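I opened this notebook to record what I looked up in one structure. The entries follow the order in which I consulted it.

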Amino acid sequence: MRLITLEEHFASPNWLDTAGRETKELAANPNTPYHEIPAKLVDLGKQRVAEMDAAGIDLQILSLNAPGVEQLDEAEAVASARETNEYLAEAIKAYPTRFGGFAALALARPTEAVKELERAVNDHGFVGANINGHIQERYLDNQFFWPVLEAAEALGVPIYLHPTQPPKAVVEAYYSGFSPELTSILSKPGWGWHIETAVHVIRIILGGVFDRFPKLQIIVGHLGEGLPFMQERMNAVLNPRLTKLKRPVGEYLRENVYYTTSGWNYKSSFQNMLSEVGVDRIMFSCDYPYGSMSKSKAFLEGLSISESDKAIIAHQNAEKLMKL
Ligand code: ZN
């Protein structure tokens, strides 16, 4: 069965020395399990392809490692998006059947972000964009960013919304009061990243983005960042009389949002997502190099669903959405 994965990361050496310094620092800390991460992120060659072959992964759609360029100052963000997109474009040129790309965009300058998205899609064959959460504490419901959303809809490409650390005030209020190490992990992969991303999607819906751009498609990882679990509650409480939206919140969650597994190989949470959003909205992913390709594949194979549903999740939804 063809396996396409969508939340798979890379970094350029230059990015690791600038916006991605924290990734390097974490790898150097003997208390973390991230020693090999920087080397794996910059490798877009034989070694990565060999690992894909060993696990049976056919195609990785790659995106810049979090926190991407979203927290950089404007001019730096423009330059870094361009540099990392070029690094990725070279790899796609070298392995056109094995790698695809989501573009990094300097959203703080929407006009330039639109140009970069068009360039990445039209000149380099990228299949969408990857946005790492809030842009210096502004979210995509803010109409300042809507030219980029309009461009994505017009190009027919999805936006992958990847987690990032919540704004400083949120970290202070929600996650402080523990050891610095525990606060850091709790505010990021232990909880904060995922809730932050879910809130971002809810803001996008409530801000009327999908009423304005009805064909726009957003992808979120990690079994839906809690959104499928909460959709009935939101339907009940955030009703259209209150929201002034055209449709109930759950309809946007099932018609404008896709969900990937991205290395969260948790059966009961997967089953909940499947029953809430349906098989046509779910896509397979590993979150490499943080998640294991072979373990994720074993998870997909071991699910108690039909072979035809596995094929829909493994490749057919991605093929349709991104014309792969
Ligand atoms: Zn990720």
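Entry 1, terms and source. I take two strands as paired if DSSP finds at least two bridges between them. Helices (H or I, at least four residues) and strands (E, at least two) are DSSP runs, numbered from the N terminus. The model is predicted, and I note that local features need pLDDT of at least 70, that side-chain atom pairs count only at pLDDT 80 or more, and that totals for chains, interfaces and linings use all residues. Residues are numbered from 1 along each chain as its sequence is written, and side-chain values use heavy atoms, with hydrogens and water left out.

Entry 2, the sheet. I looked up the pairing of strand 1 (residues 4-10) and found that it runs parallel to strand 2 (residues 59-64) over 5 bridges. Within strand 2, S63 is the residue opposite H9. Strand 2 is in turn joined to strand 3 (residues 99-103) by 3 bridges, also in the parallel sense, and here Q60 faces F99 of strand 3. I then traced the whole sheet: 8 strands in the order 1-2-3-4-5-6-7-8, open, with parallel pairing. Its edges are strand 1 and strand 8 (282-283), each of which pairs on one side only. I found 7 of its 7 residues buried.

I located E225 in the loop between strand 6 (218-220) and helix 12 (227-237). What stands around this residue, leaving aside neighbours within four places in sequence? I listed contacts (heavy atoms within 4.5 Å) with P163, H194, T197, A198 and V220. The side chains of E225 and H194 make a polar contact at 2.8 Å; the term requires a pair of N or O atoms within 3.5 Å, one able to donate a hydrogen and the other to accept it within protein, and residues adjacent in sequence count only if both atoms are side-chain atoms.

I counted 17 helices and 8 strands. Of the 324 residues, 55% are buried.

Note on methods. Buried < 20%, exposed > 50% of the residue type's maximum accessible area, 1.4 Å probe, protein only.
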